[in-house]
Amino acid sequence: VYKRQALEREKVVWSNLHSHHYRNDLKKVTEVETESIDVRILPRYLISQNPEFFTLLFSLLDKGGRVTLEAWKLLNRLPTSPETFKRIIALDGVRGAANPKWDNILDLHSNYRLLYELHVLEFLMDCLLYT
C-alpha cells in the first residue's frame, strides 16, 4: 500500500522528506559536512582582481547597444574593483580639503564609470548608516 501511495503522490513524499530535513539526495542535512570553498580561486574573484579587465569592461560600455547592456550586467555581478574601492575610501583631495576635488575619486568623463563609482560610494554610506 505504501509503495503504491508513494508512486502516486510523489510530491507529498518529497514534501514529507524535506520536512524531516532530508535533502534531494536522501541524505540528512545534519549528516552532511559543509563544503569550504576558497573564494580566491573562483573565476569572479580572479577577474575582479585584474584592473585590465575592468578597463576592458568600461571600454565596452561606450560601444552602445546590447554589448553595453551585457557589459554593465557583468560589471554589477563582479566584486567591486579593489583599485576603485581603495581610491574612494582614501578620499584623496576630498577629505579635509577646503576645496574638495571630487574628480580625484570620481571619473566625470565617463557616465558609466561615474555611475559605478557612485554605487561604491552609496554602498559605503549605507555601511556607515547601519553600523
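Helices here (H or I, at least four residues) are DSSP runs, numbered from the N terminus. With that in mind, select Thr 68, which lies in helix H5.

Before going on, note that this is a predicted model, in which local features need pLDDT of at least 70 and side-chain atom pairs count only at pLDDT 80 or more, while totals for chains, interfaces and linings use all residues. Residues are numbered from 1 along each chain as its sequence is written, and side-chain values use heavy atoms, with hydrogens and water left out.

**Thr 68**

Thr 68 has a relative accessibility of 6% and therefore counts as buried (under 20% relative accessible area, where exposed is over 50% and partly exposed is in between, with a 1.4 Å probe and protein chains only). Show its surroundings, leaving aside neighbours within four places in sequence, and you will find Leu 60, Leu 61, Lys 63 and Tyr 112 in contact with Thr 68, contact meaning heavy atoms within 4.5 Å. A polar atom of the Thr 68 side chain lies 3.1 Å from the backbone oxygen of Leu 61.

**Helix H4**

Next select residues 51-61, which form helix H4. Which residues of H4 are buried? They are Phe 54, Leu 57, Phe 58 and Leu 61. Looking down the axis of H4, you will see these buried residues within an arc of 95°, so they line one face of the helix; the arc is that of the directions from the helix axis to the C-beta atoms. They pack against helix H3 (43-48), helix H5 (65-77) and H7.

**Where H4 meets H7**

Phe 54, Thr 55, Phe 58 and Leu 61 of H4 make the contact with Tyr 112, Arg 113 and Tyr 116 of H7.

Move to Ser 81, in the loop between H5 and helix H6 (82-90), which is buried with a relative accessible area of 5%. Not counting residues up to four places away in sequence, Ser 81 touches Ser 48, Phe 54 and Tyr 116.

Finish at Trp 102, in the loop between H6 and H7, which is partly exposed at 40% relative accessibility. From C-alpha to C-alpha, Trp 102 and Tyr 116 are 15 Å apart in space, and they are 14 residues apart in sequence.

Conventions: Axes are lines fitted to C-alpha atoms, for helices over the stretch in contact, and angles run from 0 to 180 degrees between N-to-C directions. Helices (H or I, at least four residues) and strands (E, at least two) are DSSP runs, numbered from the N terminus. A polar contact is a pair of N or O atoms within 3.5 Å; within protein, one must be able to donate a hydrogen and the other to accept it, and residues adjacent in sequence count only if both atoms are side-chain atoms.
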